[in-house]
Amino acid sequence: MTRLATLAAGLLALVPSLTTASLAQNAPPPTNAPSPAEANPLPTTTVPDTTKSGPDPAAPSPQQVPIPRPAQAGAAQAVTPPPSALPTLVTVPGEPNDVDEVTLPAKPVAILAGETKWEEARANLRKAYKTIGETLAKLNLKQAGRPIALFTKTEDDGFQYEAMIPIEAAPAQGAEGGDVKFGSNPSGKALRFKHSGSYEEIDGTYETLIAYLDAKEIAVQDRFLEEYVTDLGEGADDKLDINIYALPKEPAK
């Protein structure tokens, strides 16, 4: 049983009881050897006067003006932080095997909806984020957070999702992003469960989530978020950090 099917089955089992919401040492040069500055003087715009045996104490020292040189090839020029340095929705990190009550802030996001079979989930989510990234580059928009996946519908053989990437600001009205749309991530009160391990091991985290909801009698919405603190790699044994957010139902009025 997949993790989302496990969650769906657990939530259905909880419906009757869940009626209330509750990171080489350099040797010193010989004393008679010329200093490095004398041996390799900086080029200057002032031509030294060779007619004098020594410098004139009364004359001011010529201003040393280094000649501009081209930047060396391969020199570091990165200004934008790497994606792994981007913030999560809740900046305070969570603890594995623990549950945090958090408040998700509303942020502008780029959204690409899709559906996938369970066995192709990671590959298709990675493709979705690649497409969103290309669209952001085309529209000159900057990523401002870690990738998110909102799971909107689950079935035995697959699920529907909305892949999201937070951005600094929404694009100008009328900007064309093709299949990529713009909106806001789910916000408000949430329960955060941290998964640390391989992508295939996340089922165990969902089982812990179901047990916690059962014990606390907390009713949640039939959708939830996964936030990828580390990039979704291709290797089956890659260790990942993933925040899972369960969204409690609003109390009945």
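Asp157, a residue of this predicted model, is partly exposed, with a relative accessible area of 39%. Its partner in a salt bridge is Lys117, and the closest N and O atoms of the two are 2.9 Å apart. This pair joins distant parts of the chain, since Lys117 belongs to strand β2 (residues 108-117) while Asp157 lies in the loop between β3 (148-154) and β4 (158-166), 40 residues apart. Lys117 is likewise partly exposed, at a relative accessible area of 38%.

A second pair to consider is that of Arg122 and Glu200, which form a salt bridge with their closest N and O atoms 3.3 Å apart. Here too distant parts of the chain are linked, for Arg122 is in helix α3 (residues 121-138) and Glu200 in the loop between β6 (188-197) and α4 (202-216), 78 residues apart. Arg122 has a relative accessible area of 10% and counts as buried because this value is under 20%, whereas Glu200, at 45%, is partly exposed.

The side chains of Lys153 and Glu155 also meet in a salt bridge, with 3.6 Å from N to O. Lys153 is partly exposed at 43% relative accessibility, and Glu155 is partly exposed at 39%.

The table sets out these pairs, which are among the six salt bridges counted in the model.

| Pair | Closest N to O distance |
|---|---|
| Lys117 and Asp157 | 2.9 Å |
| Arg122 and Glu200 | 3.3 Å |

Conventions:
Residues numbered from 1 in each chain as written. Predicted model: local features only at pLDDT ≥ 70, side-chain atom pairs only at ≥ 80, totals over all residues. Heavy atoms only, no water. Salt bridge = Lys/Arg side-chain N within 4 Å of Asp/Glu carboxyl O. Helix = DSSP H or I, 4+ residues; strand = E, 2+ residues; numbered from the N terminus. Buried < 20%, exposed > 50% of the residue type's maximum accessible area, 1.4 Å probe, protein only.
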